[in-house]
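Subject: Structure handover

Hello,

Here is the structure I said I would pass on. Please open it beside this email and follow along.

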Amino acid sequence: MPDVSENYVNVKRLWINCGIEKLNNYTVATDLKLCNILLGMMSHSSYHPCAWCDITKDSLHLKGNQRTISSLMNLFWDLFESRNKKSDAKKFGNVIHPPIICDNIDDGTPVISLIPPPESHLLIEPVNKLYTALESVWTESKNWLKSCNIKKEE
């Protein structure tokens, strides 16, 4: 939607007006920013950036605990009841709103079963690493990509 900010209030309005919350079975395909908005979370620059687990930004190489709709709701209500400011949200998994996608969903539902990781984010880095390795063993790889009209993401 032109000239409409992608934020929690606007996404929730759109979600309700489209009637998505009335659907019984759906999967959300979106980008990382919208994942966090739909889950009531702060942006990916926050202390707990991951939509699918509770790991901190300093430990992204480790495995965190899986997020569920109920864990997100609990973190939101804990923040709300503690009367902490938004600046204290890192103590509450950086969840600052109730999840938008919680209607008609079992509270124990893992987030990853509702919002799979975006394909483009999964593919860009591994493909770039493979291509860099290819460059080191095949000097003509740049010309080959160019002939296929493919540009390497930098």
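Predicted model: local features only at pLDDT ≥ 70, side-chain atom pairs only at ≥ 80, totals over all residues.

Residues are numbered from 1 along each chain as its sequence is written, and side-chain values use heavy atoms, with hydrogens and water left out.

Helix α1

Helices here are DSSP runs of H or I with at least four residues, and strands are runs of E with at least two, numbered from the N terminus. At the start of α1, a side-chain oxygen of Asn7 comes to within 3.3 Å of the backbone nitrogen of Val9. Such a pair is a polar contact (N or O atoms within 3.5 Å; within protein, one able to donate a hydrogen and the other to accept it; residues adjacent in sequence count only if both atoms are side-chain atoms).

Which residues of α1 are buried? They are Tyr8, Val11 and Trp15. These three lie on the same side of α1, because they cover an arc of only 70° around the axis; the arc is taken from the directions from the helix axis to the C-beta atoms. An α-helix has 3.6 residues a turn, so residues three or four places apart point the same way. On the other side of α1, Arg13 and Asn17 are exposed. Buried means under 20% relative accessible area, exposed over 50%, and partly exposed in between, with a 1.4 Å probe and protein chains only.

The buried residues of α1 pack against α2, where contact means heavy atoms within 4.5 Å. Asn10 is also in α1. Its side chain reaches the backbone oxygen of Ser5 at 2.9 Å. Leaving aside neighbours within four places in sequence, Asn10 is in contact with Val4 and Ser5. After α1 comes Gly19, with a positive phi near 75°.

The largest pocket

A pocket is found on a 1 Å grid over the protein atoms alone, as an open set of points where a 1.4 Å probe fits, with protein on both sides within 12 Å along at least five of seven lines; lining residues have an atom within 4 Å of a point. The largest pocket holds about 270 Å³ of space, a volume being the space filled by probe spheres set on the points, which are joined across faces, edges and corners. It is lined by 15 residues, and Met1, Asn10, Val11, Leu14 and Leu34 lie nearest its centre. The elements giving two or more residues to this lining are α1 (8–17) and α2 (32–38). Of these, α1 gives the most, with 6 residues.

Two loop residues

His48 lies in the loop between α2 and α3 (69–82). Is His48 buried or exposed? It is buried, with a relative accessible area of 10%. A polar atom of the His48 side chain lies 3.3 Å from the backbone oxygen of Lys90. Not counting residues up to four places away in sequence, His48 touches several others, including Met41, Asp54, Arg67 and Asn94.

Ser43 is found in the loop between α2 and α3 too. Ser43 is partly exposed, with a relative accessible area of 42%. Its side chain makes a polar contact with that of Ser45 at 2.8 Å. Beyond its neighbours within four places in sequence, Ser43 is in contact with Asn36 and Pro49.

Regards
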